[in-house]
Amino acid sequence: MAALQLLVNGVALGAAYALVALGFVLVLNATAAVNFAQGDLVMAGGLLGVAAAPLIPLPGIVLLPVVLALMAALGLLLAVVAYLPLRNRPPVSVFISTIAVGIILQNGAAILFGPEPRAAPPLFGDDTLRLGGLALPEQSLAIIAVAALLIGAQQWVFGRTQLGRRLRATAQDPEMARACGVPVTAMILVTFAIGAACAGAAGLLLANRYFVTPTAGGDLILKAYIAVTVGGWGSVPGAVVGALLIALFEVGVSSVLSYPVALGALYATLLAILVLRPQGLFGEAVRRRG
Amino acid sequence: MSALLSITGVSAGYGGADALDGVSLTVAAGETVALLGANGAGKSTLLKAVLGLVPARGELRFDGADLGGLATEARVRRGIGYVPEGRRVFPGMSVRDNLEVAGLAAARDRAEDVERVFALFPDLARKSRDSAWRLSGGQQQMLSLGRALMGRPRLLLLDEPSLGLSPKLADEVFAAIRHIAAAGTAVLLAEQSAARALSAAPRAVLLRLGRVVADGPVAALSEEAVRDAFFG
């Protein structure tokens with residue numbers, strides 16, 4: 001029963017991590033650039049939820065579309081300010097510009113909200129359902145459901161619509177996509193918007209159970225980076241599975257030992273994967289993309 | 001015939017080095033023109049310049065309108081299709097998605113265009129759900145050609161369509177090119193295999209070191225001029 005309880009907690013955390021990693025890998029594929037501001041976008045989404053809650057005194061689920069829309073707009077701004085002017089420069093330029101955006105977001109949040117941890121409202125309620133000996137917090141179930149819905153929606157758009165085909169073509173070969181009439185710059189803007197919206201959703205989902213501070217993004221970008229490395233650099237399903245795996249690992253090891261030990265073991269495992277299987281779990285699929 | 005594509009004094013290249021030096025030529029509506037020359041003659045660069053994939057100086061006009069300043073995707077939307085050297089299909093996408101992504105029409109018309117491509121290349125219809133990386137080289141070339149047709153081009157730019165294919169597959173690809181040309185699409189065909197290109201085009205332009213050295217009906221081109229374009 002304890003293992004099942006840990007599984008639910010791990011999947012809930014992993015579902016939110018998956019959204020962070022998904023947004024990260026979509027931008028990575030579309031631009032070949034690592035968006036180091038992704039973790040700070042998660043923080044921004046959480047604090048948006050915190051700020052909007054008194055204005056919209058309804059369950060957190062009502063805030064979700066508001067956060068998604070505002071974060072998508074922030075993603076567009078990020079692309080226009082920190083990516084498009086530098087897209088033809090060496091990749092390190094974009095790394096630095098996204099780090100700069102992240103620092104601006106952190107400091108902006110510290111000025112507006114202060115350094116104290118804050119909690120966003122629960123999506124539906126903060127009761128705990130009892131099922132046999134299992135305690136199921138409503139928020140955990142809501143996180144799993146909302147993340148699954150958003151990831152499913154992303155998969156549907158990418159797999160079944162012309163917009164999704166254009167986004168995938170842009171990610172696979174931007175020059176050839178242009179030669180097929182795809183407006184590549186617009187697709188990159190859309191990708192940044194989706195990536196930031198995913199981060200914002202994760203921020204809102206996490207900010208109730210795990211709280212949010214202006215510096216919370218640093219840990220989350222590392223988690224996204226690890227998830228994408230574990231799953232296979234550039235693999236979308238790999239990023240989602242990688243995020244679930246690291247959350248289950250984190251929750252499992254924390255429960256037996258401690259959170260610091262879990263984090264240490266996580267980074268040791270990352271090093272082992274980099275050495276022993278640098279292509280990640282879904283590396284074969286990545287190779288085929290090229 | 002009035003010129004569909006008009007190229008006047010175009011120079012283009014990579015990183016400051018010009019691979020084309022003042023090239024001028026025209027392609028009329030419905031005409032097939034072979035672009036011949038050795039490796040490095042500038043054939044691929046010329047096709048890329050027309051599409052805006054490399055920066056070019058000089059004048060490029062399509063259907064009377066200046067292409068200068070237009071993005072690649074805007075040129076494609078005006079009716080220029082492109083089949084690149086090496087196929088460059090989207091490997092992680094299915095055959096059908098590779099075709100659909102290049103469709104510029106509304107969904108229903110796009111589906112009809114896919115069916116037209118499948119009628120031209122039945123092999124692709126049989127593999128419509130397969131990822132493009134699973135296809136053979138010949139099938140990928142057919143997919144690349146079919147993808148270019150999805151934009152309903154009036155001018156098709158073909159870069160080395162027989163490269164890396166067995167003679168039998170190259171014959172099939174050229175049969176399809178003749179079919180496309182016969183349906184009224186103008187074709188500018190860059191090809192190293194002179195014999196194959198000249199069998200498909202009534203007119204040829206010979207390039208050497210980025211310059212046009214001969215331009216005329218295939219029947220009027222001397223064997224010596226063709227040999228010179230390839231071997232100098």
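In which sense do strand S6 (residues 80-83) of chain B and S7(B) pair, and over how many bridges? They pair in the parallel sense, over 4 bridges. Keep in mind as we go that this is a predicted model.

Let's zoom in on that pairing. Ile80(B) has Leu155(B) as its bridge partner in S7(B). On to the next neighbour: S7(B) is also joined to strand S8 (residues 186-191) of chain B, by 5 bridges, and these two run parallel. Here Asp159(B) stands opposite Ala190(B) in S8(B).

Now step back to see the sheet these strands belong to. Strands of a sheet pair through backbone hydrogen bonds, either parallel or antiparallel. This sheet in chain B is open, has 6 strands in the order S6-S7-S8-S3-S9-S10, and its pairing is mixed. S6 and strand S10 (211-217) of chain B stand at the edges with a single partner strand each, so one side of each has no neighbour in the sheet. From one strand to the next, the twist averages 15 degrees. For an antiparallel pair, look at strand S9 (residues 203-208) of chain B and S10(B), which are joined by 6 bridges. There you'll find Arg203(B) opposite Pro217(B).

What packs on this sheet? Helix H1 (residues 43-51) of chain B does, touching strand S3 (32-36), S6, S7, S8 and S9 of chain B. Its direction makes about 145 degrees with that of S7(B). Helix H6 (residues 137-149) of chain B packs on the sheet too, touching S6 and S7 of chain B, and its direction makes about 170 degrees with that of S6(B).

Back to S7(B) for a moment: is it buried or exposed? In strand S7 (residues 155-159) of chain B, 5 of its 5 residues are buried. In a regular strand the side chains alternate between the two faces of the sheet. In S7(B), Leu155(B), Leu157(B) and Asp159(B) are on one side, Leu156(B) and Leu158(B) are on the other, and both faces are covered.

Over in chain A, let's look at a helix pair. The axes of helix H2 (residues 38-52) and helix H8 (residues 184-209) of chain A come within 7 Å and cross at roughly 55 degrees. That angle is why H2(A) counts as oblique to H8(A). Their crossing is right-handed. The contact includes Gly45(A) and Gly46(A) of H2(A), along with Ala199(A) and Gly200(A) of H8(A). Its residues divide into 13 nonpolar, 7 polar and no charged.

Finally, where do the chains touch? 17 residues of chain A are in contact with 21 residues of chain B. On chain A's side, H6(A) gives the largest share, 6 residues. That side divides into 6 nonpolar, 3 polar and 8 charged residues.

Note on methods:
Residues numbered from 1 in each chain as written. Chains lettered and ligands numbered in written order. Predicted model: local features only at pLDDT ≥ 70, side-chain atom pairs only at ≥ 80, totals over all residues. Axes fitted to C-alpha atoms, helices over the stretch in contact; angles between N-to-C directions. Parallel < 35°, antiparallel > 145°, perpendicular 65-115°, else oblique. Left-handed = near helix turned anticlockwise from the far one by under 90°. Contact = placed C-beta atoms within 7 Å. Nonpolar A, V, L, I, M, F, W, Y, C, P; charged D, E, K, R; others polar. Buried ≥ 20, exposed ≤ 12 C-beta atoms within 10 Å, placed from the backbone. Pairing = 2+ DSSP bridges.
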